[in-house]
Amino acid sequence: MTSPRFLITAEEAYPAFEEAVLAAEDRILMGFRIFDPMTLLRSDAARAIGDDWIDLLVHALKRGVTVDLTLSDFDPIVSPDMHELTWSSLRKMQAVAELAGDAGHRLSARAAMHPARVGWVTAGILWPRVRKELTEVCDMLNGLEPAIRRARFRDLPGLREWLRFDGEGRIEQHERGPFPLHPVSHHQKLAVIDGKTLYIGGLDLNPRRYDTRRHHRPGEETWHDLQVMIEGPVAAAAEAHLRTFVAVTEGTAPLREQSEGLRLTLSTKRTDPMAAFGPEPMLSGLYDQTVEGVRGARRMIYFETQFFRDRQLAEEIAAAGRENADLEVLFVLPAAPEDVAFENRTKADSRFGEYLQATCVDIVTAAFGDRAFFASPAQPRPFPPGKERGRACFHGSPLIYVHAKLAVFDRRAVMVSSANMNGRSMHWDTEAGLFVDDPDFASEVLHRAVGHWCRKHPPDYSAPLVPQIREMAETDAVRQPENRQTYLLPYDVEQAREFGMLLPGIPDELV
């Protein structure tokens with residue numbers, strides 16, 4: 001196995017991915033939540049053959065390379081924007097096949113909906129709320145110009161069972177439910193080239209996900225993420241997973257054992273669907289590996305995560321802190337969820353997620369005291385004047401949105417994955433990650449990850465990190481934004497606590 005390459009933001013990851021595709025000789029297998037082939041190319045080598053991923057994929061197909069893409073699909077009523085995005089991307093993949101001419105037969109692209117469904121009893125209870133969601137989608141479509149309405153509806157095939165055009169070209173409901181809701185998705189982001197090179201982590205492929213290490217774009221366009229590229233047996237294990245995960249989750253293929261550092265979350269539909277809310281967990285390898293790392297840590301645990309909402313995992317971390325007075329834990333979280341910060345969303349699911357996160361932060365803080373620190377990054381510039389602030393503004397600056405999923409245990413082992421620290425990623429959605437037990441790589445990752453946030457003021461890695469990062473963040477919090485030395489500021493759990501709301505009877509894994 002070659003040494004892994006740790007890639008920070010799409011500025012590093014996208015060119016590496018492009019170059020791996022250019023080097024492909026036989027086949028490329030991919031599984032993504034979002035994959036937009038109109039994403040611009042970033043590497044010099046790729047830009048020499050075209051402008052976007054359509055050009056890159058056509059080039060690969062014409063060279064004789066087989067391309068296979070499994071793209072996640074989403075509930076068309078609850079997540080119409082994501083459902084539309086999936087089918088729009090598949091239309092573009094059809095264009096790739098047409099542009100490739102005779103070589104187009106080498107391309108396979110499909111949408112995969114997770115087989116788990118909300119049970120009919122539960123769906124009946126939720127029916128009034130879901131019908132309201134469907135009405136909102138219907139009203140949104142009818143508010144568009146007729147040509148745009150038809151184009152949007154074309155990419156919403158899952159709604160055709162419930163919506164249709166009337167005689168005047170407007171959208172109307174023709175079925176009243178209850179609706180077969182899909183609460184689970186395939187959330188992984190990975191690709192395998194020629195069975196020997198693995199590209200894996202939390203980064204999808206589309207223009208929204210592109211960000212640089214300087215995070216200098218508008219706050220709503222920042223997207224801090226991490227990927228790893230590695231060669232060796234783990235690539236073959238990941239390729240086998242990509243070939244079988246749809247059938248495994250559907251229950252038509254046997255569950256494979258995790259191997260070679262590949263860690264997975266897999267679930268399937270429940271055998272008794274009447275009152276089911278979520279799926280039947282099959283494999284919680286990412287959760288199990290995280291717990292094992294936490295229990296085995298002696299000095300330092302470092303996490304970067306989009307969400308920290310798994311109360312069971314929070315209790316495991318807290319137990320480790322109570323048992324070991326020398327253990328410290330450092331979290332880097334976004335100051336607010338994306339939908340809350342940039343869309344001002346106030347619906348119950350967003351508020352429930354914030355309730356869970358505040359609870360998890362409180363659990364860990366109570367156990368560790370000042371040996372735990374939660375930080376959130378912001379740009380070292382003032383928030384634009386005249387722009388609505390809300391939670392997109394953090395300590396007077398535009399926040400930097402954290403989407404990374406990273407764990408470092410004792411400068412000894414590393415895990416980079418697609419899984420957030422919430423129950424959904426740990427037990428429901430299809431997730432994939434890489435676990436590497438290698439002190440040299442762990443030290444490199446920790447130094448690069450923390451150093452990235454500290455900019456030109458790296459900490460002393462031979463000393464405890466939490467006191468140093470706390471002092472940096474708290475000092476920067478009282479500076480004017482343009483005078484800040486680092487990206488990190490103290491996470492404000494009080495904002496999450498005030499916004500959050502408990503939803504009794506709703507499983508934590510939903511958010």
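Is Gly-104 buried or exposed? I looked this one up to open the notebook, and Gly-104 turns out to be buried, with a relative accessible area of 9%. For my notes, buried means under 20% relative accessible area, exposed means over 50%, and partly exposed is in between (1.4 Å probe, protein chains only).

**Ground rules**

I am working with a predicted model, in which local features need pLDDT of at least 70, side-chain atom pairs count only at pLDDT 80 or more, and totals for chains, interfaces and linings use all residues. Residues are numbered from 1 along each chain as its sequence is written, and side-chain values use heavy atoms, with hydrogens and water left out.

**Entry: the whole chain**

I began with the secondary structure and found 15 helices and 20 strands in the protein chain. Both are DSSP runs numbered from the N terminus: helices are H or I with at least four residues, strands are E with at least two.

Next I checked the overall dimensions. A compact globule of 511 residues would have a radius of gyration near 24 Å, and the 23 Å of the protein chain agrees with that. The radius is taken over C-alpha atoms, and the globule rule is 2.2 Å times the number of residues to the power 0.38. Along the principal axes, the C-alpha atoms fill a box of roughly 70 × 50 × 50 Å.

Of the 511 residues, 59% are buried. The accessible surface is about 20,200 Å², and carbon and sulfur atoms own 49% of that; the areas come from the Shrake-Rupley method with a 1.4 Å probe, and for residues only the protein chains shown count as cover.

I also looked at contacts (heavy atoms within 4.5 Å). Among those between residues at least 6 apart in sequence, 74% join residues at least 24 apart.

**Entry: Gly-104 again**

Gly-104 sits in the loop between α4 and β4.

**Entry: helix α3**

How many residues of helix α3 are buried? I get 7 of the 10 in residues 53–62, so the helix is largely enclosed by the rest of the structure. The buried ones are Trp-53, Ile-54, Leu-56, Leu-57, Val-58, Ala-60 and Leu-61.

I then asked what they pack against, and the partners are α1 (9–22), β3 (66–72), α4 (80–99) and β4 (107–112).

Both ends of α3 gave me something to write down. At its start, a side-chain oxygen of Asp-52 comes within 3.1 Å of the backbone nitrogen of Ile-54. Just after the helix, Gly-64 has a positive phi of about 100 degrees.

**Entry: Asp-75**

Asp-75 is in the loop between β3 and α4 and is buried, at a relative accessible area of 4%.

Which backbone nitrogens does the Asp-75 side chain reach? I found that of Ile-77, 2.9 Å from a polar atom of the side chain, and that of His-182, at 2.8 Å. I count a polar contact as a pair of N or O atoms within 3.5 Å; within protein, one must be able to donate a hydrogen and the other to accept it, and residues adjacent in sequence count only if both atoms are side-chain atoms.

Leaving aside neighbours within four places in sequence, Asp-75 is in contact with Pro-80, His-83, Met-113, Pro-180, Leu-181 and His-182. I also noted Pro-183, 108 residues from Asp-75 along the chain, with 7.3 Å between the C-alpha atoms.

Glu-133 belongs to helix α5 (residues 120–142). Glu-133 is buried, with a relative accessible area of 17%, and touches Ile-77 and Lys-347, not counting residues up to four places away in sequence.

Lys-92 is in helix α4 and is buried, with a relative accessible area of 17%. With residues up to four places away left out, Lys-92 touches Asp-36, Pro-37 and Met-38.

**Entry: positive phi without glycine**

Asp-410 is not a glycine, yet has a positive phi of about 60 degrees; I found Asp-410 in the loop between β17 (406–409) and β18 (413–417).

Arg-455, also not a glycine, has a positive phi of about 55 degrees. Its loop runs between α13 (439–454) and α14 (465–477), and Arg-455 is partly exposed, with a relative accessible area of 35%.
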